[in-house]
Structures are given as C-alpha cells and as structure tokens.
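Here is a brief report on helix packing and strand pairing. Please look over the sequence and the model before reading on.

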Amino acid sequence: MPPSKTKPPRIAVLADSDTRWKWGALTADRIAPGPSMEAATREDAQVRPALSGFLLRGRATPTPRQLQEVGVRADSLREVTAVEFLRAMAEEEYDLVVLALVGGGVQAMLHGLKRVWEGREKRPVVVTGYVGVVYEKLADGLLLRHGADLVLANSRQDAERFRAVYEGVGADATSVTEVALPFLGGAAYTGEHDPSAKQERRPYTVVFAAQPSVPVSRKDRTYLLERLVRHARLHPEREVLLKLRSRPGEHTTHIEELPYQKLAQRLDVPSNFRLVYGNMGEVLDRTDLLVTISSTAALESLHRRVPTVVLTDLGVREVLGNHHFVGSGCLASWDQLDAGHRPSPDEEWVARQGVAADGSYATAFDAARERIAKLLAQPAGLPPLIPYYTPATAPGYLPGILARHHLGPDGSPLPGAPAADKDPGPVRQIVRRAARGAYRHGVQRVAPVIRRMGEL
C-alpha cells in the first residue's frame, strides 16, 4: 500500500560501509514520499519516514565512531548478513528499500529479493545508485545494478552515460533517474575572513581531503604529505589541515593500506599543520581552499563555491580518478598553489556534475520522489524484479557473485549459509570482532610488508 498522509513511509537501507550508509540514509530521506526527515517539524513528525538501517557484515562494516561521525539518524540499526537481511525483507513490510552496496552486493540482493517477494501482492520500491563520482568500471557497475526500480544518477552527465550503457546492451533504461549527491549543502563560501571585521580573526585555511585508496603507493602518498607540510611551512599564517576519513584499524568503502597518520609520524611538522577527522561538511565550514586528488569532497566544496583544486602532481590519470575533472578548471599543482594560485571553476562543467551551485539543488530529487510515489500507487502492485544478469545471460559470472553472499543461482540461501533465525551469541560476536580485526591488521600491516619483500 502506498504510504498515507497519516502513516509514515517505511524505508529500509542496506549499506556495507560508512560512506555508503551516509549516502543510502540521506538518499532515503530526500526521495521518500511526503516531507523529508530533514524538513519535518514536530507538528508533522507522525508522517516522517521510519528508517530502518541494516549494515552488511564484512571488512568495512562501520564502527560506532564512524557511524557517529556520519551523523545520520535511524529508528533502528543492526548488523546483518545477506541472508539475514533477506529474511527481514520477507517478514517485514516496507515501502522503499535502498541498496547502498558495491555492484556485486546489489546484484545479489536483487536476486534474493526477487525470490523472497515471489507471490507477494505488493512489494517495496527498490532503489540503488553510486556514492560519488563514477570514473571506473562503468559498464560492470551499472549492469550489476540493473534490475532495481530506480538507478540513481548523481548528475546530468551520469544519467546520459547510464542510459547509453543500458540501451547499448539492450537492457531497459527507464530505471535511470537523475538526482544529485544527497550530502551536498551547507552555507555558501563568501570569501576570506575579513581581518578588519570585529569578529575574531580566523586564519586562511587549506584542507587536503585524503582518500583511502588514491594514490596507492607509499612513494606517492609520502610525496603528497610532504608537499602539504611544505605548504604549511611556506605559509605560516595559514592553517593547513589534513582531513582523514578513518582512524588506523577502521575501514571505509576502500581499503587503506598506508594511513597518512602513520606516515606523518615520521615527519617534523610545523605548528600550523594538523590532522583532523569529523564530518566533511563541518570541515568545509572553515575552509578557504580545498585540495584533493579526486575525492567526492571536491564536489561538496564546489557546491558551496569554496575554491577547489584537483592535483595534477601525480599526473592526470584514470587510475587516480582525477581525469573526471578534465574541463572543470580546477586542475592545478602544488607548485601553483604554493605561489598563490586560486582556481576558477568552469560553470558549465559544474552544472553537468549535479553540483547545483546555482540554487537548483532544492528540486534535484523531485523527479525521483514523484516516480516512487507513482510506483507505490499502482493498483496492481509492482512486477517482479528483472535484473539484466540471469543464469541464462551470464552463467559464468552470476553464480560466483551470488555465492559470495551465500546465495544460489535462484537467489535462495546455499547450504551452510549463516543462520538467519537467531541473533549471534556472545562467543560468536567475539569471534567476529577478532576476525575483522585480524583482517584489518593483515591489510594495513602484513600485506605492505609482503609486497615490499616481493619487490626486493
């Protein structure tokens, strides 16, 4: 049944990392029928969406600290396996299900959901998409997401590319829906702090937004860190911040083998250089210049009209992702920044990226919201989910994807799949935490050593 004016829509979000939880929960808020959680007041609190969060158990399952930093409210939040999530979807009623996962996870859940909803008169609307810039594995990632009722594109450019891929393989492209990144917002940048004003003077602040997996090598990461420290020494009147995504031992969407925190321990840094954590929006509140390789933070910064630089020091390469910013007007090197360069973004390029710095952000999710409302209102309900990949179209690819989530070719649990009918006991919880800690230790400590030994 479509949600009524007095009955709040029920939404389930399944995420496999802190950044995808942030994207999924905020997206659910912006596309839910009726008033958003962000805009709801106490008077209409009874129709605010009811958000149930599910965290897919794995290497990047968010820690409590990461969840707190994201700052997204949920009415309930629990950690599950894929099979446990599917059991919940079979037993509980929802209006909207948001799959905030890697492509393989989305594909597995689409097949699993198709099975558990067989014969049901009404089913939820299923939505998926991407956390940020799509600069690699375009066809692979898109086809793994095909089958959802809505595949969200964060910009006009992405929407055009997504439709072209689907149409090019003969798949239905009507699910592609243009929106914007759900975490854009905050006050627009108005210029440097005026030292003649009466308020307390704030130093000019340069922020480098680090990424867990770009660049990969110790040499390149050390180079970027040393240049950031050098910039701080050259400009002692500035505050230079290294914005980090996670603390050592924590994982985000991507694996980080060489945390900047550890590399920084070997350097003698000036007093105006600091490491910072926290919500990116709060950091941007005090930023005068945002520097990155290819982080989505650049789009957040451009949305607020903060001067933004995408570094060219390591080249403009697909492996770095900074090729996405060709034509943006934001490409520059540390040498240019040291000399005082201030970038000027290309307005046409910015407009095509879903940044909506022109004020159109308020309506960016209207089309998705209207489409979901129409789907929920269909008297006969929604047809079964029909992914592009099936055992007939991809017999050598699909079974392996499903098996990684303990699902068979028909989407049913494989023998020996984790039990979904009871909560894990204390011993099982301890074993899980120990296993996850061992994995992270192996990624961040053992793997780099083995790699260096192999290079000898």
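Axes are lines fitted to C-alpha atoms, for helices over the stretch in contact, and angles run from 0 to 180 degrees between N-to-C directions. The model is predicted. Two helix pairs are set out below.

| Helix pair | Residues | Angle | Axis distance |
|---|---|---|---|
| H3 and H4 | 82–91 and 103–116 | about 35 degrees | 10 Å |
| H5 and H6 | 138–145 and 156–168 | about 75 degrees | 10 Å |

Take H3 and H4. Their crossing is right-handed. On the H3 side, the contact is formed by Ala-82, Phe-85, Leu-86, Met-89 and Ala-90. H4 supplies Met-109, Gly-112, Leu-113 and Val-116. By class, the contact of H3 with H4 holds eight nonpolar residues, one polar and no charged.

Now H5 and H6. They pack at an angle of about 75 degrees. That angle makes H5 roughly perpendicular to H6. Leu-138, Ala-139, Leu-142, Leu-143 and Arg-145 in H5 touch Arg-161, Phe-162, Val-165 and Tyr-166 in H6. The contact of H5 with H6 counts seven nonpolar residues, no polar and two charged.

Next, the strands. E4 (residues 96–100) and E5 run parallel, joined by four bridges. Leu-99 has Thr-128 in E5 as its bridge partner. In a regular strand the side chains alternate between the two faces of the sheet. Strand E5 (residues 125–128) is covered on both faces. Val-125 and Val-127 are buried on one side, and Val-126 and Thr-128 are buried on the other.

Key: Residues are numbered from 1 along each chain as its sequence is written. This is a predicted model: local features need pLDDT of at least 70, side-chain atom pairs count only at pLDDT 80 or more; totals for chains, interfaces and linings use all residues. Side-chain values use heavy atoms; hydrogens and water are left out. Helices (H or I, at least four residues) and strands (E, at least two) are DSSP runs, numbered from the N terminus. Angles under 35 degrees count as roughly parallel, over 145 as roughly antiparallel, 65 to 115 as roughly perpendicular and the rest as oblique. Contact means heavy atoms within 4.5 Å. Ala, Val, Leu, Ile, Met, Phe, Trp, Tyr, Cys and Pro count as nonpolar, Asp, Glu, Lys and Arg as charged, and the others, Gly among them, as polar. A crossing is left-handed if the near helix is turned anticlockwise from the far one by less than a right angle, and right-handed if clockwise. Buried means under 20% relative accessible area, exposed over 50%, partly exposed in between (1.4 Å probe, protein chains only). Two strands pair if DSSP finds at least two bridges between them.
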